[in-house]
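Let's take a friendly walk through a few local features of this model. Have the sequence and the 3D view open as you read.

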Amino acid sequence: MYVWPRMCPAFFACALLTLLISATSVAAPVVRSSLDLRVPVAPAPVAVAGQAQLIYELHLTNYADKPVVILAAQVLNERGASLLDLRGTEIEQRIGHPGVTDDAAVQRRMLPAGMHAVLYLELSMDAVSVPHTLQHRLQYAFDGDGASQLGMVEDSPLRVDRTPTPVLSAPLRGGPWVAIHDPTWTRGHRRVLYAINGVARIPGRYAIDFVKLDVQGRSTRGDADQVVNWLGYAEDVLAVADAVVVAARDDMTEVKNVSAHTKHALGDATGNFIALDIGAGRFAFYEHLKPGSVRVRVGQRVQSGEVIAALGFTGDSTGPHLHFHVADRNAPLAAEGQPYAFAGFELLGGFATLDKLGSSRWQPRAEAIATQRHAERPGANVVLKFPARGD
């Protein structure tokens, strides 16, 4: 049997003191309540102008007991490489506060205690560079507490949705048409959330408003206040796929003058509309259709390119146009917008801003971009032609 040597009690006291000093010399991490980060809908890549785009939202909620100021926001791939690094005014341009009608009246990067905000994100890259996962890192400060209160928060990796993008035939014939959408508009389709049936969603995440132009870039002939003078008015609207009609409305009337148009209740904002089940849990929506023009009924099967209605001026609209989007449910507002592409169109050019729309010709396309586009979603405010027969 081994006999332990006799030791001085002072030895144990010294050893214990050494352990206590070592344990207290490593500072414990600061634990604080700050931001909750969530992505309700994982992005799926969609082709735009030869690149892959990821379009989605990062929801932020301040769970601290004091205001938080967002200093920087990064999007990282699975290797930790930065795909997007936003700071200062770049964050201000991309952040929105749901329920705040005058976004200019708030300090965009500051979230008071209990405040919710949305960071709208768009990433463009080569198709081969689309990441498998995304992660978000935010740097923040507690407002008024100085540099000593700086913090950082990261969320868990988010898997990119690899569901194939539906490739659709044209919803209209010929052109030129301007495809109106822009992710930077604070009240554009991309940034409008609807909390219907207890869930906040963005049905128009990928919505496009199509307005017809002439070769000079004008959208009307004669008096622009006359609805019938708009070039796209009463144009045929086409089925974008072999599909089943799951919703149709054709009971809303139309004013003769654009200036006489009034605001509608939320349930009437779409105007006369059609919804098609295009398969794989996706539904195509056509809105603002001409009264009496809807040619289909619920349950009817339609073929790609078939005329289903005419472009009109019903519901909430600033002028005759076709609103088109794809969503994950048969509901105009209570659904999440989903990506889609068109089988083919001719790219003519585009508008950098829409302040000249209807009064000046568009800017021609860049020579480096091919005229004929295939299996792509039209970019923001581009001018294009669909096939003349709509196929």
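## Loops worth a look

Asn197 is found in the loop that links β14 (194-196) with β15 (199-201). This is a predicted model, and Asn197 has a positive phi of about 55° in it although the residue is not a glycine. With a relative accessible area of 68%, Asn197 is exposed, because exposed means over 50%.

Ala49 also has a positive phi, of about 50°, and is not a glycine. Ala49 sits in the loop between β2 (46-48) and β3 (51-62). Is Ala49 buried, partly exposed or exposed? At 45% relative accessibility, Ala49 counts as partly exposed.

| Residue | Phi |
|---|---|
| Ala49 | about 50° |
| Asn197 | about 55° |

Another backbone feature involves a proline. Gly175 and Pro176 are joined by a cis peptide bond, with omega at about 5°. Pro176 belongs to the loop between β12 (167-168) and β13 (177-180).

Now for a serine and its surroundings. Ser317 lies in the loop between β22 (307-310) and β23 (322-327). Its relative accessible area is 12%, so Ser317 is buried, the cut-off being under 20%. Which partners does the side chain of Ser317 reach? The Ser317 side chain comes to 2.6 Å from the backbone oxygen of Gly319, and it makes a polar contact with the side chain of His321 at 3.2 Å. Leaving aside residues up to four places away in sequence, Ser317 touches His261 and His288.

Conventions
Residues numbered from 1 in each chain as written. Predicted model: local features only at pLDDT ≥ 70, side-chain atom pairs only at ≥ 80, totals over all residues. Heavy atoms only, no water. Helix = DSSP H or I, 4+ residues; strand = E, 2+ residues; numbered from the N terminus. Buried < 20%, exposed > 50% of the residue type's maximum accessible area, 1.4 Å probe, protein only. Polar contact = N/O pair within 3.5 Å; in protein donor to acceptor, adjacent residues only side chain to side chain. Contact = heavy atoms within 4.5 Å.
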